[in-house]
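Subject: Structure for you to look at

Hello,

Here is the structure I promised. Please open it alongside this note; my findings follow below.

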Amino acid sequence: MAVNTLLGIGNSALFANQTALGVTGNNIANVDTEGYSRQSVRFDDLRPQDSRPGQIGQGVYAAEIYRNFNRFVENAYLNRFTQQQRWSEQSTVLQSVQSIFNEANTEGISAQLSTFFASWNKLAGKPEDEATRQNLLTQADNLAKLIRNANDTLSNVRHEMDDYINQSVEQVNTYLNSLRKLNKQISASYVEGVNTPNSLYDERDKLVRRISELIDVRVVDNGPRDFQLFTAAGQPLLQGEAEYSLRVAAPYYEKQCQNFDGELTFSGSDSHEYTLEMLEGNRFRVSLDGGQSWLRDENGQISVFDVPPAGESIKVKNLEISFANPDGSSATLMPGDKFTIIPKTSVQWCSPTREPLNITPQSFDSGEDNPDRIGGGKLAAYFSVRDYHVGRYQDKLDAMTNTLIWEVNALHSQGSGLEALTNMQGTYGVDDIGEPLGSPFSSLAYKDKLTSGSLSVYFYDAATGQSLDTGIPLTFSGPHGPNFDPEHHTLQDVATAINASYPGKLSATIQGGKLHVEVADGYTFKMGADSTGLMAALGLNTFFQGAGAADISLNPLLLKNPQYVNAHSVDGMSEGNEGDGIIAARIAQLATKDLTISTMWENSNTSITGYYASLVGLVGSETQTAMFNNSYNTSLAEDLDTQSASISGVNLDEEMTNLIKFQHSYTAAAKLITTADQMLETILGLKQ
């Protein structure tokens, strides 16, 4: 071996170990840097030289500086981390929602419901007592306010979720833009066997982790120039040069029709997506979970709706829906035609080569997530809370309130107070006074409660209170009379029937789509039995007004004059028995009476108080489930993060050992050069 070769070997060892010392020093410096992956040097020997007695090595070189990183472990961590983020955020928000229904530490709706029915029971015992009547109105007003406040607070939570959704989608797009730029830098910087951009790799994986904090993603890493990112459902987010993004979309609808080229229009909002599937006879059924289950009526049968004629709409849950051909004529649709209505803000995946795709997180009625949509990260939590949880809580609270209003009003409208009536102003109206009140296209809030039957009115002398007539029935003329028929009789028919049945005593007019009844001078009147539900449905002689949790309130007439609270019934002698308290007693019995309370996708046969107790239990149960899932996924995510850190993290003890090792190697290489130098001097000295 030539002395020059020995010098070259020492020189290569010197530079190789100098590189290793630099990498070790960089590891030590970044021991606390987030997302930093420990780097190592791979040494390789220089090509040996053929010689006798054999090949002689030419030294060493630093072939590569590589990251200590395991993609399999990182992907496993991302899958668990995105779920941990979802359940962490979801449990936090649901705990705040649970406080709305906190019945343990405060007197909430449950306690007020009991007080409300107890007040009716007291009135049944003392129906003539003014103070008892006033107390009932106070308790009823408090109950209405609590229900409205609970509904408003739930609505505020949904609005907050909307803000978080907008911020999260914007943040995802920011991260995706940064990721595309990084990918280009990596592609430009990477030179196989020459340069490995480890710092850019770290930055890219940090961005992927931040994206997985917001949505669930899947990484496909086929090398430095083939790094791809997808949603867990399969939509690409980073693939080549294409620019993919997410966006928040306003309410809209999609259609899959064979021949229909007209338009569907809808108004209203809801936390669910509506899937309309056309059936034979220009009718359709509706699903709120993508066709997994279908809306049902109070009898448990699948609800079927008629396609409304042009210019009319049909109410399905919270939406008014109509169809029209391009020329404005009535639409005829084919069996199998489908419409998907998204009556809320949603998130769409946007591609430069195809139409936006709805990837809004969706929960089926069973509670399972739609696998074709976003299912992880904070974005899934915000949508789940807004739509599946809070949306269902509002629906249930609304269903309970709707039933409470109807049942109380149905009884109250058939009773009498301490004073006879001089007029009645309806609190429920219609858009079209010529539409049958029980028609599917009627806008009357309680149209489904109407039945065929009769009702009667009792008249009294205004001056003496003496009974004048013993229950004159309301009579309808024409082929569908004499009794009320909700399938044929309109609000105009009702007004006409009142004017014809009680000439000179009652006059009925329609004001703003609502019925107004006025008694003639010298008369007063009281309402008798009503087998039709017409009085309650029109809001005449009722206790509550409104149709749900958002608008429940007391009839203003009662607040002005508690004498009109109906505690009595009118018997066959036309007398309002002030001491009987039958109506008040029947309303008090609603506290424990089993009723059908329907949310259109489920029916419950229970009491109003029992139904609300089940709602409180549901909120508590789902909050506990979210807290458990958070704890479970946090534990697994931390274990995987620890496993990843054991591979990629910097261990100072190990680095100090490497520092000493490479320092000694560097010193030895320097000694080798010194030795070669001395050998060279010896050779040169031989000439002397």
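Helices here are DSSP runs of H or I, at least four residues long, numbered from the N terminus. Note that this is a predicted model.

Start with Asp-493. Asp-493 sits in helix α7, which covers residues 491–501. Is Asp-493 buried, exposed or partly exposed? Its relative accessibility is 28%, so it counts as partly exposed. Setting aside neighbours within four places in sequence, Asp-493 contacts Phe-476 and His-488. Thr-509 is 16 residues apart from Asp-493 along the chain, and their C-alpha atoms are 11 Å apart.

Next, a helix pair. Helix α3 (residues 109–125) packs with helix α6 (residues 377–412) at an angle of about 5°. Their axes are 14 Å apart. Angles under 35 degrees count as roughly parallel, so α3 is roughly parallel to α6. From α3, the contact uses Ile-109, Leu-113, Phe-116, Phe-117 and Trp-120. From α6, it uses Leu-397, Met-400, Leu-404, Val-408 and His-412. By class, that makes nine nonpolar residues, one polar and no charged.

Last, a sheet. Five strands form an open sheet in the order β8-β15-β10-β11-β12. The pairing is antiparallel. Strands β8 (252–256) and β12 (305–306) are the edges, each pairing on one side only. Within the sheet, β10 (residues 274–279) and β11 (residues 283–287) run antiparallel and are joined by five bridges. Leu-279 stands opposite Arg-283 of β11.

Best wishes

Definitions and conventions: Residues numbered from 1 in each chain as written. Predicted model: local features only at pLDDT ≥ 70, side-chain atom pairs only at ≥ 80, totals over all residues. Heavy atoms only, no water. Pairing = 2+ DSSP bridges. Helix = DSSP H or I, 4+ residues; strand = E, 2+ residues; numbered from the N terminus. Axes fitted to C-alpha atoms, helices over the stretch in contact; angles between N-to-C directions. Parallel < 35°, antiparallel > 145°, perpendicular 65-115°, else oblique. Contact = heavy atoms within 4.5 Å. Nonpolar A, V, L, I, M, F, W, Y, C, P; charged D, E, K, R; others polar. Buried < 20%, exposed > 50% of the residue type's maximum accessible area, 1.4 Å probe, protein only.
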